[in-house]
Amino acid sequence: MASLLTPPPSLLLQPKVNPRGLKNTSTNPPSKLFNQNNLRSVKGHGLCFVTKAKVAFEGDVIEKQSVQVNDSNDYGVVSVHHVGVLCENLERSLDFYQNILGLEINEARPHDKLPYRGAWLWIGSEMIHLMELPNPDPLTGRPEHGGRDRHTCIAIRDVSKLKAIFDKAGIPYTLSKSGRPAIFARDPDANALEFTQVDN
């Protein structure tokens, strides 16, 4: 337990230089771009370490700087593999995820090896795992705007096209409160989904 309260070793930034050798990818002093670990008290979570990554901007390209962690806790995080989503009725959920959202089943994932019904759906190179299990969450009294609830965010190319799909299917949604191109909806089991528009 003591290791959770002790700050991890400092993160070391690797210098990033323009491949043409003309200038650094950023002219801002490192102190303004990188703030090492800050210890903060977060309501309900006790003490948490907040680390800001250094990002360099050059033209229209955003590049993350290499960050090397000198810590025995570095176990090689790669990406989010899948998100588990509870559903009451697998067929009803598949109708929504396949026929409304256009997601495809990953047939390579085992459907019969678990003690409950389910399906794996592709989202790019990651997946949603639908699991037909009792949902302990209340289905009523949730925030109307999914961005104020637990939610899964899916990157898409065209929010306006998805908005038209939802309009045609009669699926309620809300738009991003910040004005960015994003739309929030709920699946048949009130699981909140965010769809945020990305350029590439």
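This is a predicted model: local features need pLDDT of at least 70, side-chain atom pairs count only at pLDDT 80 or more; totals for chains, interfaces and linings use all residues.

Visitor: Start with helix H4. Which of its residues are buried?
Guide: Helix H4 covers residues 159–169, and its buried residues are Val-159, Leu-162 and Phe-166.

Visitor: Where do they sit around the helix?
Guide: Looking down the axis of H4, the buried residues fall within an arc of 65°, so they line one face of the helix. In general, an α-helix has 3.6 residues a turn, so residues three or four places apart point the same way.

Visitor: What do the buried residues pack against?
Guide: They pack against helix H3 (90–100) and the strands E10 (151–156), E11, E12 and E13.

Visitor: And which exposed residues are on the face turned away?
Guide: That face of H4 carries Ser-160, Lys-161 and Lys-168.

Visitor: What follows H4?
Guide: Gly-170 does, and its phi is positive, near 70°.

Visitor: New topic. Where is Ser-176?
Guide: Ser-176 is in the loop between strand E11 (173–175) and strand E12 (182–186).

Visitor: Buried or exposed?
Guide: Ser-176 has a relative accessible area of 12%, and the cut-off for buried is under 20%, so Ser-176 counts as buried.

Visitor: What is Ser-176 in contact with?
Guide: Leaving aside neighbours within four places in sequence, Ser-176 is in contact with His-145, Ala-182 and Phe-184.

Visitor: Now Val-198. Where does that one lie?
Guide: Val-198 lies in the segment after strand E13 (192–197). Val-198 is partly exposed, at a relative accessible area of 28%.

Visitor: What does Val-198 touch?
Guide: Not counting residues up to four places away in sequence, Val-198 touches Ala-155, Ile-156 and Arg-157.

Note on methods
Residues are numbered from 1 along each chain as its sequence is written. Side-chain values use heavy atoms; hydrogens and water are left out. Helices (H or I, at least four residues) and strands (E, at least two) are DSSP runs, numbered from the N terminus. Buried means under 20% relative accessible area, exposed over 50%, partly exposed in between (1.4 Å probe, protein chains only). Contact means heavy atoms within 4.5 Å. The arc is that of the directions from the helix axis to the C-beta atoms.
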